[in-house]
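Have a look at it first, and then we'll go through it piece by piece.

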Amino acid sequence: MIDLNQFHTKLLTWYRDEARDLPWRRTTDPYAIWLSEIMLQQTRVSTVIPYYHRFLETLPDVASLAAVDEELLLKLWEGLGYYRRVRNFRKAAQRVVNDMDGIIPDSSRELQKLPGIGRYTAAAIASIAYGECSPVLDGNVKRVLSRLYTISAPINETRSEKEYWDKAEALMVQSQPGDYNQAMMELGARICIPRSPNCAACPVKDHCKAFSKGKQNHFPVKTGKKEIPVRTAVSVVFETDGHVLIGKRPSNGMLSGLWEFPTKFYEASENDTLEAATSSILTSWGISRDASQFVVNIKHTYSHFTLHLHVVRCSVDSLETVSINSGSYDKLEKIPLDHLEKYAFHTAQKKIFSHLQSRQESFDF
């Protein structure tokens with residue numbers, strides 16, 4: 001049995017002495033804390049910090065988020081990925097404004113009724129902003145718990161969730177729950193790391209079963225990852241007189257509402273070559289393969305597949321001659337090349353920009 005009083009005292013003392021000075025830890029504003037939690041999902045702290053500041057400068061409260069235009073919303077989020085997070089964030093803000101008099105709920109139970117807020121996010125907001133005694137359970141906390149209790153249930157399987165939540169509940173502190181939850185997350189992020197944990201610096205190692213048995217590297221237990229499939233697509237930079245053609249992805253589906261150079265996936269067969277596929281796609285858009293020049297091959301990994309993107313540039317007399325199926329995009333726009341930064345592109349497409357700029361002279365842009 002863990003001595004809860006000793007455990008909490010040691011952990012909180014360490015946290016107050018050693019915690020990183022992060023911007024969302026300087027506030028109890030539920031909106032700012034909510035924003036940080038949404039941004040931090042599957043994203044590194046160092047990546048989030050500039051996005052967090054920029055977002056709050058532009059949309060400082062729930063009312064401004066509820067009213068923001070989607071183009072600006074996606075531009076503020078551009079590069080963070082998992083765009084459903086920010087769309088749900090705005091939907092939830094609109095519900096708060098329209099149905100709750102603009103007041104963010106102060107309980108995890110009510111917070112979970114909002115779009116995009118699950119048990120973990122609700123507990124984080126409620127405990128940090130409002131002092132509710134609700135435990136959090138993210139990847140860092142799971143790892144800490146797996147070693148404290150030598151939990152053999154695989155950390156990455158849904159069937160294990162209840163056991164981890166039960167342990168988190170049992171260990172939860174009754175006072176200063178916000179600091180306690182952040183301390184647990186900080187411990188997992190900085191000390192109880194996935195490989196070679198820094199047990200010598202751990203404030204609660206005396207309470208850890210894995211440490212006492214010298215088996216800290218045996219936990220957490222994970223099942224093997226499934227192989228990620230590879231998909232291939234061709235992107236075409238259609239250019240004329242310093243202007244390029246871009247398309248806005250449909251409002252439903254992956255990367256919805258973001259912009260890209262006209263892109264088409266293809267399923268390669270054993271007898272199919274990249275050149276043949278590119279020719280076929282260009283022909284379907286009314287363009288001869290001879291009119292194109294290779295730009296770059298780009299690799300980008302999403303959560304459920306790896307994308308191999310073959311990029312070519314085509315100089316055409318008029319962008320109106322490009323006959324792209326209207327169902328592929330919600331809209332097509334002809335814009336000056338130097339206006340690309342004004343539009344929200346997904347990361348794989350953003351990688352094209354630097355290559356265009358480096359080859360700008362040879363392309364006569």
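The largest cavity has a lining of 13 residues, and R147, C192, C199, C202 and C208 are the ones nearest its centre. Keep in mind that this is a predicted model, where local features need pLDDT of at least 70, side-chain atom pairs count only at pLDDT 80 or more, and totals for chains, interfaces and linings use all residues. Residues are numbered from 1 along each chain as its sequence is written, and side-chain values use heavy atoms, with hydrogens and water left out.

**The empty spaces**

Rolling a probe the size of a water molecule over the atoms shows where empty space is left. Here that is done on a 1 Å grid over the protein atoms alone: a cavity is a set of points where a 1.4 Å probe fits but cannot get out, a pocket is an open set with protein on both sides within 12 Å along at least five of seven lines, and lining residues have an atom within 4 Å of a point. Grid points are joined across faces, edges and corners, and a volume is the space filled by probe spheres set on the points.

How many cavities of 30 Å³ or more are there? The count is 2.

| Space | Volume | Lining by class |
|---|---|---|
| Largest cavity | about 110 Å³ | 10 nonpolar, 1 polar, 2 charged residues |
| Second largest cavity | about 50 Å³ | 8 nonpolar, 1 polar, no charged residues |
| Second largest pocket | about 170 Å³ | 4 nonpolar, 6 polar, 4 charged residues |

In these classes, Ala, Val, Leu, Ile, Met, Phe, Trp, Tyr, Cys and Pro count as nonpolar, Asp, Glu, Lys and Arg as charged, and the others, Gly among them, as polar.

Which helix gives the largest share of the lining of the largest cavity? That's α9 (residues 139–148), with 3 residues. Helices (H or I, at least four residues) and strands (E, at least two) are DSSP runs, numbered from the N terminus.

The second largest cavity is lined by P135, V136, V141, L145, A168, L171, Y180, N181 and M184. At least two residues of this lining come from each of α9, α10 (161–171) and α11 (177–190), and α11 gives the most, with 3 residues.

As for the second largest pocket, 14 residues line it, with R25, T27, I128, D179 and Q182 nearest its centre. Two or more of its lining residues come from each of α8 (119–130) and α11. Again α11 gives the most, this time 4 residues.

**How the helices meet**

Start with α9 and α10, whose axes come within 10 Å and cross at roughly 80°. Axes are lines fitted to C-alpha atoms, for helices over the stretch in contact, and angles run from 0 to 180 degrees between N-to-C directions. So α9 and α10 are roughly perpendicular to each other; angles under 35 degrees count as roughly parallel, over 145 as roughly antiparallel, 65 to 115 as roughly perpendicular and the rest as oblique. On the α9 side the contact (heavy atoms within 4.5 Å) is made by K142, L145, S146 and L148, and on the α10 side by E161, Y164, K167, A168 and L171. This contact of α9 with α10 holds 5 nonpolar, 1 polar and 3 charged residues.

Next come α8 and α11, packed at an angle of about 130° with their axes 7 Å apart, and α8 is therefore oblique to α11. The crossing is left-handed; that means the near helix is turned anticlockwise from the far one by less than a right angle, while clockwise makes it right-handed. Y120, A123, S127 and I128 of α8 touch P177, G178, N181, Q182 and M185 of α11. By class that contact has 5 nonpolar, 4 polar and no charged residues.

Helix α5 (residues 70–77) and helix α6 (residues 84–99) pack at about 135°, their axes 10 Å apart, so α5 is oblique to α6. Here the crossing is right-handed. E70, L73, L74 and W77 in α5 meet R85, V86, R87 and R90 in α6, which gives 4 nonpolar, no polar and 4 charged residues.

**Two backbone details**

F219 and P220 are joined by a cis peptide bond, with omega about 0°. P220 sits in the loop between α12 (209–212) and β1 (230–240). Q42 is not a glycine, yet its phi is positive, about 60°; it lies in the loop between α2 (30–40) and α3 (45–58).
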